[in-house]
Amino acid sequence: MLSNPGYHPGTVTCHTHPQSIAQVARALHATHRQLIVVPTHGHLHGGHAGVIETAARVPGSVVIVSSLCADNAHLDAVAADCQFLQSLPGCPAPLFFAPAWETLFPHGLRTMVRLNDPDVIVPPPPGIEESLTVHMALLSLLHPQRLFVGERDFYQLVALRHLVKDLCLPTTVTGVDTLRNSDGVAISRFSEQPRMAPAQALPAALVAGAHAFREGSEGVVAAAKNVLMAEPKLHDPQVAVTNYDLGPAPAEGDARLLVSAYLADGTYCHDNIGLMLGISED
């Protein structure tokens, strides 16, 4: 019989088997606690902490942080991640779910979520359908009331909102503001590595684009792309201005500026920011 480590408020409990965490989730649902999932790839850092602490502010909530990578690289960090979660003030995430990939997907991803939205004008980031499939598995396993994700992955945020709406899932997807280093780069596992230095052009491009908001979407794109093109170590730079559903941007009003590029080693870098288009100086 599977041993269940349970749930112990005030301390971090690590679960590695889907059955045990599902049992805890069902018990919490029975007590009318609001279950919130924060999905990650493990190797937790300050950016994750911002999402976790925001989620924990929801009254009556219990936060589950999940950690999963297809290559099982997350397993190397389980002990450190548990310590990281325990170190956060007030232990905001008392449940940590870190299964081996083959434990959650014993047959691999033989069933996949596919994107098919003709209104989206931005090309999908690498691995987005695999990521959505993993999120769908977590939602099916845990039935959380809410899912908290960082706005840095804005394409994924929008796709997740489409997923829960289109599949009639009773989960609300909440985006959390991106936390940044002093140089403006979004905090990530690799953001402070020297090889990531060219990625500093991405937040600079966002600032340049935001300052061109009175020139409409074309002016914003031009300003942002000029900054990216000036960094020779970035490859295939992409810039788009969309509405908040990744469709065509409005002539005036709320819009989203998305930028991306690849480093020479193939690392995909991306960032985004909200802005108001076409507002007059008056």
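**Exercise 1. Describe the overall build of the protein chain.**

Solution. Of the 282 residues in the protein chain, 49% are buried, where buried means under 20% relative accessible area, exposed over 50% and partly exposed in between (1.4 Å probe, protein chains only). This is a predicted model, in which local features need pLDDT of at least 70 and side-chain atom pairs count only at pLDDT 80 or more, while totals for chains, interfaces and linings use all residues. Residues are numbered from 1 along each chain as its sequence is written, and side-chain values use heavy atoms, with hydrogens and water left out.

The secondary structure comes next: the protein chain has eight helices and nine strands, taken as DSSP runs numbered from the N terminus (helices H or I, at least four residues; strands E, at least two). For the dimensions, the C-alpha trace spans about 65 × 40 × 40 Å along its principal axes. A compact globule of 282 residues would have a radius of gyration near 19 Å, and the 20 Å of the protein chain agrees with this; the radius is taken over C-alpha atoms, and the globule rule is 2.2 Å times the number of residues to the power 0.38. Finally, among contacts (heavy atoms within 4.5 Å) between residues at least 6 apart in sequence, 66% join residues at least 24 apart.

**Exercise 2. Classify the ring pairs of Trp-101 with Phe-105 and of Phe-154 with Tyr-244.**

Solution. The whole structure holds three aromatic pairs. Rings of Phe, Tyr and Trp (its six-membered ring) pair if their centres lie within 6.5 Å; planes under 30 degrees apart count as stacked, over 60 as edge-to-face and the rest as tilted.

For Trp-101 and Phe-105, the centres are 4.7 Å apart and the planes stand at 40°, so the pair is tilted. Trp-101 is buried at 15% relative accessibility, and Phe-105 is buried at 11%.

For Phe-154 and Tyr-244, the centres are 5.8 Å apart and the planes stand at 85°, so the pair is edge-to-face. Phe-154 lies in helix α6 and Tyr-244 in the loop between β7 (235-242) and β8, so the pair ties together parts that are 90 residues apart in sequence. Phe-154 is buried, with 3% relative accessible area, whereas Tyr-244 is partly exposed, with 38%.

**Exercise 3. Identify charges that sit over rings.**

Solution. The criterion is NZ of Lys or CZ of Arg within 6 Å of the ring centre and within 35 degrees of the ring normal. The charged end of Arg-256 sits over the ring of Phe-154, 4.5 Å from its centre. Arg-195 lies over the face of Phe-190, at 5.2 Å from the ring centre.
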